[in-house]
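Please check each point against the coordinates as you go.

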Amino acid sequence: PAPTGLIATGSITSRLLADRWGEIKNVKDFGATGDGVTDDRAALQAALDAASAAANTTTSASGQVPVIIPDGTYLFSMSGGVGLTIKANTHVIGFGGILKLMDGQATSAGTSYYPILNQSGGVNQNNVMVESVVFDGNGANNATYTVCDTITLVGQNVQLLNCTLKDAPDSGVMFSAVDNSSIRGCFIDGGRDAGIYVNASTAPIASIDSTVSGNHVSNFVYDGITVKRFAQNVLITDNIITGCGQGFTSQDFTASVPAFGPNNKLVFSNNVLRDIGNAVGSPATGGGATFQAGVDYVITGNLVTDVNLNGITLSGTTGAVVSGNVIDGVGESAISLIARTGYAATGNLIANNITRNATLYGIWLRDNTALACVGNAVQGNLVQGTASAFRLDSLFAGSLIRHNRFDSPSFDMNP
């Protein structure tokens, strides 16, 4: 007999159960075991492929077909340097499932590995969402590579939401050449490079109009979060970064690849950076937040505490606003403004910040190159608990300094 449909309570249309179940791709329906022993790569990939294929006919508002990962530990291998490929128009949702890279997959120092990637045949797979999934990079057993970031996300409308990442072989998340995309609400702990890496792969394509917010990043050898290669209009907000070699860096990559240029128009706000650069044996014993070159940074409302070097450093920036931050307990200066090779520091505003307990200076306008740094202003700041509250070097002689409150008498001039 032909199968008969069912009418759900409160609805009016009879539908086959097989049709209902088929709307959501469950990795176990494709043979995944989740037993923590079996290599589930083929089954996981089959589910991902089926979801993307089905999305061509979906009527959902997002245009994404869900793939669910139930409770269990799903081991996966890599082939040709790639593990799992998330195809376009796919929504991967974890329901207690852990995706774990198998032992011994990253074994060549000259190879770039991509355990999880949303690119296929060099084509970005856009409109992808990954939500509530646990990723175990198993970095302790995958330690030889050129690149081996746990998950690499590229392209347009890409979202990583409320996920947990641990033990990254390299960086936790590589966010590369993204547009209108976000990483939000993730817990990212432990790795050999940066927790979140906002990047670009080919000049002059850049990461633009994207957000990194509400994440907790801890215990990475280098930066908790780093941005480089001509990122534009990126919002970094409400993150907590602890126990990393450096807190946040906006990197100037121009010297290596001139076509990229510095980052511009970044907002860094309401973040907490704590216990930075203090890890024993870490090759990166750095500062809280560093901004290299670039135009129109907005750096506001951040708490920076217990930092090995400087709290906030502006290096060759133009038009940056540093306002309303609290910096407490740093090994060098709380706020440092310097020139950078090829970039003078001009038109920057340092206002209404509170600094406490800096070893060197509360605020230091510091000579670093022969470039004159003009049009800068330091006003309305409160500097406490620092023997030398403020230092002004000769190339900043034209700066406006007013209405600051220093609780020590030291105002150093270095003509």
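1. A charge is taken to sit over a ring if NZ of Lys or CZ of Arg is within 6 Å of the ring centre and within 35 degrees of the ring normal. By that rule Arg366 lies over the face of Trp364, at 4.8 Å from the ring centre.

2. On provenance, this is a predicted model, in which local features need pLDDT of at least 70 and side-chain atom pairs count only at pLDDT 80 or more, while totals for chains, interfaces and linings use all residues. Residues are numbered from 1 along each chain as its sequence is written, and side-chain values use heavy atoms, with hydrogens and water left out.

3. Aromatic pairs are rings of Phe, Tyr and Trp (its six-membered ring) whose centres lie within 6.5 Å, with planes under 30 degrees apart counted as stacked, over 60 as edge-to-face and the rest as tilted. The whole structure holds six such pairs. In one of them, the rings of Phe268 and Phe291 have centres 5.7 Å apart and planes at 75°, so the pair is edge-to-face. Phe268 belongs to strand β27 (residues 267-269) and Phe291 to strand β29 (residues 289-292), so this pair ties together parts that are 23 residues apart in sequence; strands here are DSSP E runs of at least two residues and helices are H or I runs of at least four, numbered from the N terminus. Buried means under 20% relative accessible area, exposed over 50%, and partly exposed in between (1.4 Å probe, protein chains only), and Phe268 is buried at 2%, as is Phe291 at 1%.

4. A further pair joins Tyr361 and Trp364, whose ring centres are 4.9 Å apart and whose planes meet at 55°, so the pair is tilted. Both Tyr361 and Trp364 are buried. Elsewhere, Phe248, Phe268, Phe291 and Tyr297 form one aromatic cluster.

5. A nonpolar core is a set of buried Ala, Val, Leu, Ile, Met, Phe, Trp, Tyr and Cys residues joined through side-chain atoms within 4.5 Å. The largest one has 87 residues, of which Leu99, Val130, Phe135, Leu160, Phe248 and Phe291 touch the most other members. Taking contact as heavy atoms within 4.5 Å, and not counting residues up to four places away in sequence, Val130 touches Ile86, Val92, Phe135, Gln159, Leu160, Leu161 and Cys163.

6. How many disulfides are there, if a disulfide is a pair of cysteine sulfur atoms within 2.5 Å? The count comes to zero. For Cys186, the nearest cysteine sulfur is that of Cys163, 4.9 Å away. Cys186 is buried, with a relative accessible area of 1%, and Cys148 is buried at 0%.

7. The expected span of a helix is 1.5 Å times one less than its number of residues. For the 14 residues of helix α2 (residues 41-54) this should give 20 Å, and the end C-alpha atoms are 20 Å apart, which agrees. The buried residues of α2 are Ala43, Leu44, Gln45, Ala47, Leu48, Ala51 and Ser52, and their cover includes β3 (25-26), β5 (65-76), β6 (82-85) and β7 (90-101).

8. Asn180, in the loop between β17 (173-179) and β18 (182-184), has a positive phi near 55°. Ala293, in the loop between β29 and β30 (298-300), also has a positive phi near 55°, and Ala293 is buried at 0% relative accessible area.

Key. A disulfide is a pair of cysteine sulfur atoms within 2.5 Å.
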